[in-house]
Amino acid sequence: MTSHPIVRPWDNPQPEVIRRLCLAADIEQYSRFDTPDQRVVQARLARVLRVAAERSGLDHGRWSSQPQGDMEFAVLPPGTPEPVVLGRYVTHLAAELGGYNATRRPAGRLRLRLAIDTGVAATAALGFSGPAPVAVARYLNAPEVKQALAAAGSASLVVVISDRLYQDVVRSRPHGLDPEQYRRIHVRQNGFAGYGWVQLPGTEPEVVRESWPLAPQDGPRPPERAAEREQSSFVQHGVHGTAVQGVIHGSVYGAAPGGASR
C-alpha cells in the first residue's frame with residue numbers, strides 16, 4: 001500500500017494570491033465578565049455573527065473563521081458582494097445586538113467593534129497571512145474606534161472600514177450606503193499606518209454627533225478620490241491631498257507614512 005504525503009496549504013512555496021474580504025469582531029471590555037458570563041457572551045458573539053450573515057443572504061458556513069475567545073476573525077469566500085457586507089450585514093448585526101442588549105442590564109450588554117477590509121489573505125500555519133488580516137487587526141484596535149464606541153453609550157456596534165472600501169464602495173452609494181454616516185480617522189498601530197472610516201450603525205443621529213466632537217454636525221464632505229499605492233510593507237493605503245472635514249485625529253495627522261513591520 002502506497003502512502004501519500006499530507007499537503008497543507010501553507011506548505012505550497014508559491015501560494016495562490018487572491019483578494020478576499022476580511023472582517024474581525026471584538027467584544028468591548030471582555031475582561032469585565034466573569035467566567036460563566038464569558039461563556040455566554042462568546043456563544044452570543046458566534047450566534048449574532050452567523051444570524052446576521054444568514055439574514056443578509058450570505059453563506060456563513062463558507063467563511064474561514066478563526067475564533068479567539070473574545071473576538072472572531074473571518075476571511076469571506078471569493079466573490080462575496082462587498083456592498084452586501086457593508087450594508088445589509090452591518091444593519092442586521094446592529095439589529096441582533098440591539099435586540100439582545102434590550103433585555104440585559106448595562107453590565108451584561110454585548111457591544112462589538114467590527115473592522116472590515118479587502119486585500120490579499122492567504123492560509124498560513126497558524127491562521128492567515130497577508131496585508132488584509134494585518135490591516136483588519138490594526139483597525140479593530142485603533143484607539144479612535146474604541147473611543148467612538150465608549151462615547152456612544154447607547155450604541156451596540158461600531159464599524160471601521162478601510163479607506164479602500166470607503167472610496168470604492170461606500171462613495172458609490174450602493175444598497176443605500178451613505179458616505180455621510182462615516183467619519184475618517186488616521187490609524188497608526190504597531191507599524192501600520194492608514195486611513196479608516198468609522199460608523200455607528202443603528203444609533204440615533206444625536207448620539208452620533210455627540211460621539212464625534214471634532215466633526216461638524218452635518219457630516220464630512222466626501223474627499224476627492226485619493227491616489228492609492230501598495231507598498232512592500234503592510235502600509236496599505238498611502239493617501240495624498242487635502243484633509244477633509246470630520247477627521248478624527250490619531251497619533252499623526254496627515255499622509256500615511258511608509259515603512260512598517262508586522
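Figure 1. Gln29 lies in the loop between β1 (19-27) and α1, where helices (H or I, at least four residues) and strands (E, at least two) are DSSP runs numbered from the N terminus. The model shown in these views is predicted, so local features are given only at pLDDT of at least 70 and side-chain atom pairs only at pLDDT 80 or more, whereas totals for chains, interfaces and linings use all residues. Residues are numbered from 1 along each chain as its sequence is written, and side-chain values use heavy atoms, with hydrogens and water left out. Although Gln29 is not a glycine, its phi is positive, at about 50 degrees, and with 54% relative accessibility Gln29 counts as exposed; here buried means under 20% relative accessible area, exposed over 50%, and partly exposed in between, for a 1.4 Å probe and protein chains only. Arg173 is likewise not a glycine and has a positive phi of about 60 degrees. Arg173 is placed in the loop between α5 and β8 (183-189), and at 45% relative accessibility it counts as partly exposed.

**Figure 2. Helices α1 and α2 where they cross.** The axes of α1 and α2 come within 8 Å and cross at roughly 140 degrees, the axes being lines fitted to C-alpha atoms, for helices over the stretch in contact, with angles that run from 0 to 180 degrees between N-to-C directions. That makes α1 oblique to α2, since angles under 35 degrees count as roughly parallel, over 145 as roughly antiparallel, 65 to 115 as roughly perpendicular and the rest as oblique. The crossing of the two helices α1 and α2 is right-handed, a crossing being left-handed if the near helix is turned anticlockwise from the far one by less than a right angle, and right-handed if clockwise. Residues of α1 that meet α2 include Val40, Arg44, Val48 and Leu49, and among their counterparts in α2 are Tyr89, His92, Leu93 and Tyr100; contact means heavy atoms within 4.5 Å. Arg39 is also found in helix α1 and is exposed, with a relative accessible area of 56%. Arg39 and Asp70 are 31 residues apart in sequence, with their C-alpha atoms 9.6 Å apart in space.

**Figure 3. The aromatic pair of Trp63 and Tyr89.** A search of the whole structure finds five aromatic pairs, in which rings of Phe, Tyr and Trp (its six-membered ring) have their centres within 6.5 Å, planes under 30 degrees apart counting as stacked, over 60 as edge-to-face and the rest as tilted. Trp63 and Tyr89 form an edge-to-face pair, with 5.6 Å from centre to centre and 65 degrees between the planes. This pair links distant parts of the chain, as Trp63 is in the loop between α1 (35-55) and β2 (64-67) and Tyr89 is in helix α2 (residues 82-101), 26 residues apart. Trp63 counts as buried at 8% relative accessibility, and Tyr89 counts as buried at 0%.

Figure 4. The rings of Tyr166 and Trp197 are stacked, because their centres are 3.6 Å apart and their planes are at 5 degrees. This pair, too, links distant parts of the chain, with Tyr166 in helix α5 (residues 163-168) and Trp197 in strand β9 (residues 192-199), 31 residues apart. Both Tyr166 and Trp197 are buried, and ring pairs link Tyr166, Tyr182 and Trp197 into a cluster. Arg184 lies over the face of Tyr195, at 4.1 Å from the ring centre, a charge being over a ring if NZ of Lys or CZ of Arg is within 6 Å of the ring centre and within 35 degrees of the ring normal. Arg183, in strand β8, is buried, with a relative accessible area of 4%. The C-alpha atoms of Arg183 and Gly196 are separated by 8.3 Å, although these residues are 13 apart along the chain.

**Figure 5. Helix α3 and Gln189.** Helix α3 (residues 131-140) is largely enclosed by the rest of the structure, because eight of its ten residues are buried. Among the buried residues of α3 are Ala132, Pro133, Arg138 and Tyr139. Gln189, found in strand β8, counts as buried at 17% relative accessibility. Leaving aside residues up to four places away in sequence, Gln189 touches Arg138, Asn141, Ala142 and Pro143.
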